[in-house]
Amino acid sequence: MKKLSDIGTIKDILSRYGFNFSKGLGQNFLINPSVCPRMAEMSGAGEGVGVIEIGPGIGVLTQELCSIADKVVAVEIDKRLIPVLGETLSDFDNVKVINRDVMELDLNALIEKEFKGMKVVVCANLPYYITSPVIMKLLEDNLPIEAITVMVQKEAALRICAEVGTRQSGAVTVAVNFYSKPELLFGVSAGSFMPAPKVDSAVIRLNIYKEPLFKLDDSKKFFTVVRAAFAQRRKTVLNSISSSLGLEKSVVNELLLKSGVNPQARAEKLSMEDFYNISTLI
Ligand code: SAM
């Protein structure tokens, strides 16, 4: 098997296939040999475990996942990479590559079909242009998965893993904390990728709760409130919610007071319970 851990091998493969990187698809491939084994191991992949990988690229992380998991299904949007993966993964009979946009896939159906009787985890070096939409899809689709381990830009990692109610938190922090316990695993320097991005990255793991934090009758409403509160994060929660949702200030003011929330506070100061209370009363 061609190990993809050295830059010479990677360059050789890319040039044989005449591959050039697509910036639009967030193609920054890992060339640091120590990252993938660590990431695969920390993802929970192992015996009896099936893994969904999003964006395998030329298969550097996929090889590590295939070596330790029962089965890997890798979803890659770029059809130019399919023959490359055919070569780099040819030693494994426990992998399936699907040439699709992950945002358009029914992942519940995929899990049901491909991973019967297995625990399932997600592990991916995510394309940065859709980090939040992919994470939110994985969470909101209520998939029967144990954890999501992803490489994201460092800034996004810090935002996601911030404590709710602190300055670093944002709408994504609240959303992620509703479904999971996020954990910052380790940092990865920009030089670990080809081409090197402008910023460093980090690997995070979202440990999925068996049940979400609250029972919500209308989760859409909850997330609408969260997004509205953070839409103008420098403004008070009163101003941000009323202008984002087009509601009278006096109505929102009363609602916030009834929810036990100071209307002059900023969204970043609110707790999960505050958002829950507002969304049930609104
Ligand atoms: N896993 C490889 C690595 O670590 O070297 C590649 C990671 S690269 C940051 C992101 C990968 O996601 C690329 O291969 C890109 O083509 C793929 N990708 C981008 N958008 C996608 C989408 N919507 N669905 C599936 N794959 C996508």
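Q: How many bridges join strand β5 to strand β6, and how do these strands run?

A: Strands are DSSP runs of E with at least two residues, helices are runs of H or I with at least four, and both are numbered from the N terminus. In this structure, β5 (residues 119-125) and β6 (residues 147-153) run parallel and are joined by 5 bridges. Within this part of the sheet, V122 has I148 of β6 standing opposite. The model is a predicted one, in which local features need pLDDT of at least 70 and side-chain atom pairs count only at pLDDT 80 or more, while totals for chains, interfaces and linings use all residues. Residues are numbered from 1 along each chain as its sequence is written, and side-chain values use heavy atoms, with hydrogens and water left out.

Q: In what order do the strands form the sheet, and what is the pairing?

A: Two strands pair if DSSP finds at least two bridges between them. Here 7 strands form an open sheet with mixed pairing, and their order is β4-β3-β2-β5-β6-β9-β7. The edges are taken by β4 (95-98) and β7 (180-188), each of which has a single partner strand, so one side of each is left without a neighbour in the sheet. On average, and with direction ignored, neighbouring strands of this sheet are turned by 20° against each other.

Q: Which strands does helix α2 lie across?

A: Contact means heavy atoms within 4.5 Å, and angles, from 0 to 180 degrees, are taken between N-to-C directions of lines fitted to C-alpha atoms, for helices over the stretch in contact. Helix α2 (residues 35-42) lies across β5, β6, β7 and β9 (201-208), and it runs at about 165° to β7. Helix α8 (residues 171-179) also packs on the sheet, where it touches β7 and β9, and its direction makes about 120° with that of β7.

Q: How many aromatic pairs does the structure hold?

A: Rings of Phe, Tyr and Trp (its six-membered ring) pair if their centres lie within 6.5 Å, with planes under 30 degrees apart counted as stacked, over 60 as edge-to-face and the rest as tilted. The structure holds 11 such pairs. The ring centres of F214 and Y276 are 4.6 Å apart and the planes are at 20°, so this pair is stacked. The pair links distant parts of the chain, with F214 in the loop between β9 and α9 (219-231) and Y276 in helix α12 (residues 272-281), 62 residues apart.

Q: Is the peptide bond from M194 to P195 cis or trans?

A: This bond is cis, with omega near -10°, and P195 lies in the loop between β8 (193-194) and β9.

Q: Where is N142 found?

A: N142 belongs to the loop between α6 (131-140) and β6, and its phi is positive, about 50°, although N142 is not a glycine.
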